[in-house]
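Dear colleague,

I am passing on to you the structure we talked about, and I would be glad if you could look through it with my notes beside you. Please open it first and then read on.

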Amino acid sequence: MESYIKMLDYLNTHELDSSYARIIIYLIKHINNVPKLSITELANECFVSNATVSRFARFFQYENFQSLKKELTLPSQYKPEFNFRMNSKSVDLITDNPKEFLKKYSQAIINSIEDVSENIDIEKVDKILTLINKQKKLFLFGSPSSLNLLQEIQRGFFISGSVIYTGETIADFERLTNYIDSQSFVIVLSSFGNFLSENTKLMNAIINMDCETCFITQHTENLISTSFDHIISVTKRNYIEAGSYPTILFCEYFVRRYFSLFRKK
């Protein structure tokens with residue numbers, strides 16, 4: 001899904017009448033027709049050549065046009081609980097009674113936030129922050145979909161007078177592993193643990209390095225996480241329906257607490 005995200009990023013940062021932007025816009029607007037769309041049809045609709053469409057596919061790291069079509073149609077094939085964390089009952093409820101759905105959805109978020117505030121081990125977090133402050137190099141890993149949160153943490157450490165390195169793509173994170181050594185502290189952030197399961201090679205490389213590691217998650221049943229030196233489960237139980245609100249709350253506390261303890265005056 002990283003290539004899919006990069007397409008949206010491209011659309012947000014380039015002229016809307018550029019060749020690639022026109023292709024992206026057409027694909028999004030006609031997503032249901034993509035499986036039977038030929039490269040020639042797409043080129044004609046976007047006023048570009050077949051070669052431009054082929055270059056477009058390779059630019060976004062698809063093997064070819066067929067691979068592009070296959071990945072673009074995947075999200076529409078997923079069940080609602082994957083895209084929006086809703087089961088069939090929730091879909092029926094928001095369709096028939098949106099007010100009641102909003103009430104229940106809001107309560108689920110409130111419950112998850114209260115779980116964070118009531119159950120976080122403050123002393124444990126402070127000990128981890130102290131370890132982080134003692135290391136010379138800090139690294140932060142997470143999925144491209146968590147980019148805003150990763151950058152928010154990076155800014156928080158910057159304000160405190162500390163540098164923490166992060167990236168925007170898996171390629172960025174793979175590059176960062178070349179700089180990890182025994183004086184490094186690596187934080188891996190994944191609300192539901194997907195980043196671990198989707199990047200096992202990268203995670204194994206980090207875990208096997210001679211460095212301190214910490215995994216932050218709200219998914220309480222992730223077995224891969226046991227390989228990390230430190231684990232922070234921001235909630236006591238899983239709140240799939242609440243999304244990443246618990247993780248966002250904890251990370252905002254995390255950087256504020258670090259600032260209060262170790263800011264450079």
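**What was found**

Leaving aside its neighbours within four places in sequence, T177 is in contact with F141, L202, I206 and M209. Please bear in mind throughout that this is a predicted model. T177 lies in the loop that runs between α12 (170–176) and β3 (184–189), and since its relative accessible area is 14%, which is under the 20% cut-off, T177 counts as buried.

Strand β1 (residues 137–142) is likewise mostly covered, with five of its six residues buried. On the side of β3, β1 pairs in the parallel sense over six bridges, and there G142 stands opposite L189 of β3. With strand β2 (residues 164–165), β1 also pairs in the parallel sense, over two bridges, and the bridge partner of F139 in β2 is Y165. Together with helix α11 (residues 147–159), the strands β1 and β2 make a right-handed β-α-β unit.

A further place to look at is the pair of helices α8 (residues 88–96) and α9 (residues 98–119), whose axes come within 5 Å and cross at roughly 130 degrees, which makes α8 oblique to α9. By class, the contact of α8 with α9 has four nonpolar, two polar and three charged residues. On the α8 side, the residues that meet α9 are S90, L93, I94, T95 and D96, while α9 brings P98, E100, F101 and K104.

With best wishes

Technical notes: Residues are numbered from 1 along each chain as its sequence is written. This is a predicted model: local features need pLDDT of at least 70, side-chain atom pairs count only at pLDDT 80 or more; totals for chains, interfaces and linings use all residues. Side-chain values use heavy atoms; hydrogens and water are left out. Helices (H or I, at least four residues) and strands (E, at least two) are DSSP runs, numbered from the N terminus. Buried means under 20% relative accessible area, exposed over 50%, partly exposed in between (1.4 Å probe, protein chains only). Contact means heavy atoms within 4.5 Å. Axes are lines fitted to C-alpha atoms, for helices over the stretch in contact, and angles run from 0 to 180 degrees between N-to-C directions. Angles under 35 degrees count as roughly parallel, over 145 as roughly antiparallel, 65 to 115 as roughly perpendicular and the rest as oblique. Ala, Val, Leu, Ile, Met, Phe, Trp, Tyr, Cys and Pro count as nonpolar, Asp, Glu, Lys and Arg as charged, and the others, Gly among them, as polar. Two strands pair if DSSP finds at least two bridges between them. A crossover is right-handed if, with the strands pointing away from the viewer, the path from the first strand over the helix to the second runs clockwise.
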